[in-house]
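Visitor: I'd like a close look at one part of this model. Please keep it brisk and give me the cut-offs as you go.

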Amino acid sequence: MSSDKKQNILFIIIFMGAIICSLYLSEKHEMSLKTNYNFTVGKTLKFEYNDGFKDCIEYKYFVDSVKYIGCIVNDSNISSPLSKFYKVKYSKENPEISELYLTNEIKDSVEIYKLGFLNKWHRRGFDNLHPN
């Protein structure tokens with residue numbers, strides 16, 4: 001077998017391995033959000049490029065006073081979703097795994113406080129309503 005064929009076979013094996021690994025991690029994240037989850041509130045921050053090619057909206061949320069950053073693919077049907085609060089579903093096992101529901105905007109400041117966005121942080125002098 002020539003070295004070109006060996007390189008092509010090796011490339012195909014590595015490529016297939018990367019696809020399988022990606023599918024496995026995606027399924028694992030999805031199952032984590034289906035079985036062991038909770039809700040909090042998140043605030044949309046800015047438009048970003050996720051993985052260098054997809055438009056997404058960066059958002060932050062807090063779980064047990066720890067700040068997390070997430071990114072959701074931009075939904076062109078929703079206009080100007082920045083600096084607004086939305087419901088966030090996160091994994092109890094790994095809070096970095098989350099989903100932001102752009103169709104579920106939260107406007108009631110009492111609900112925002114109850115869901116934990118301002119809890120504890122406000123008392124410690126942090127202002128987590130602002131993007132940074």
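Visitor: Through how many residues does a hairpin join E4 to E5?

Guide: Six residues: the hairpin joins E4 to E5 through them. Some ground rules first. This is a predicted model, where local features need pLDDT of at least 70 and side-chain atom pairs count only at pLDDT 80 or more, while totals for chains, interfaces and linings use all residues. Residues are numbered from 1 along each chain as its sequence is written, and side-chain values use heavy atoms, with hydrogens and water left out.

Now the setting. The chain has two helices and five strands. Both kinds of element are DSSP runs numbered from the N terminus: helices are H or I with at least four residues, strands are E with at least two. Along the sequence the pattern reads α-β-β-β-β-β-α. Of the 132 residues, 29% count as buried. Buried means under 20% relative accessible area, exposed means over 50%, and partly exposed lies in between (1.4 Å probe, protein chains only).

E4 covers residues 85–91, and E5 covers residues 98–105. The two pair in the antiparallel sense over five bridges; strands pair if DSSP finds at least two bridges between them. Val88 has Leu100 of E5 as its bridge partner. Tyr90 stands opposite Ser98, also in E5. E4 is mostly covered, with six of its seven residues buried.

Two lysines bring charge to aromatic rings. The charged end of Lys87 sits over the ring of Phe39, 4.7 Å from its centre. Lys89 lies over the face of Tyr37, at 4.2 Å from the ring centre. The test asks for NZ of Lys or CZ of Arg within 6 Å of the ring centre and within 35 degrees of the ring normal.

Ser83 is found between E3 and E4. Its phi is near 60°, a positive value in a residue other than glycine. Most residues other than glycine have a negative phi. Ser83 is partly exposed, at 46% relative accessible area.

Next, the core. The largest nonpolar core has ten residues: Ile57, Tyr59, Tyr61, Val63, Tyr68, Tyr86, Val88, Tyr90, Leu100 and Leu102. Such a core is a set of buried Ala, Val, Leu, Ile, Met, Phe, Trp, Tyr and Cys residues joined through side-chain atoms within 4.5 Å. E2, E4 and E5 are the elements that give two or more residues to this core. The largest share, four residues, comes from E2.

Leu102 lies in strand E5 and counts as buried at 10% relative accessibility. Across the chain, among contacts between residues at least 6 apart in sequence, 54% join residues at least 24 apart.

Now the aromatic rings. The whole structure holds three aromatic pairs. Tyr61 and Tyr68 have ring centres 5.5 Å apart and planes at 20°, so this pair is stacked. Rings of Phe, Tyr and Trp (its six-membered ring) pair when their centres lie within 6.5 Å; planes under 30 degrees apart count as stacked, over 60 as edge-to-face, and the rest as tilted. Both Tyr61 and Tyr68 are buried. With Tyr59 they form one aromatic cluster.

Last, the disulfide. The structure holds one, and Cys56 and Cys71 form it, with sulfur atoms 1.7 Å apart. The cut-off is a pair of cysteine sulfur atoms within 2.5 Å. Cys56 lies in E2 (residues 54–63) and Cys71 in E3 (residues 66–73), so the pair ties together parts 15 residues apart in sequence. The link is right-handed, with 65° about the S-S bond. Cys56 is buried at 1% relative accessibility, whereas Cys71 is partly exposed at 33%.

Methods. Contact means heavy atoms within 4.5 Å.
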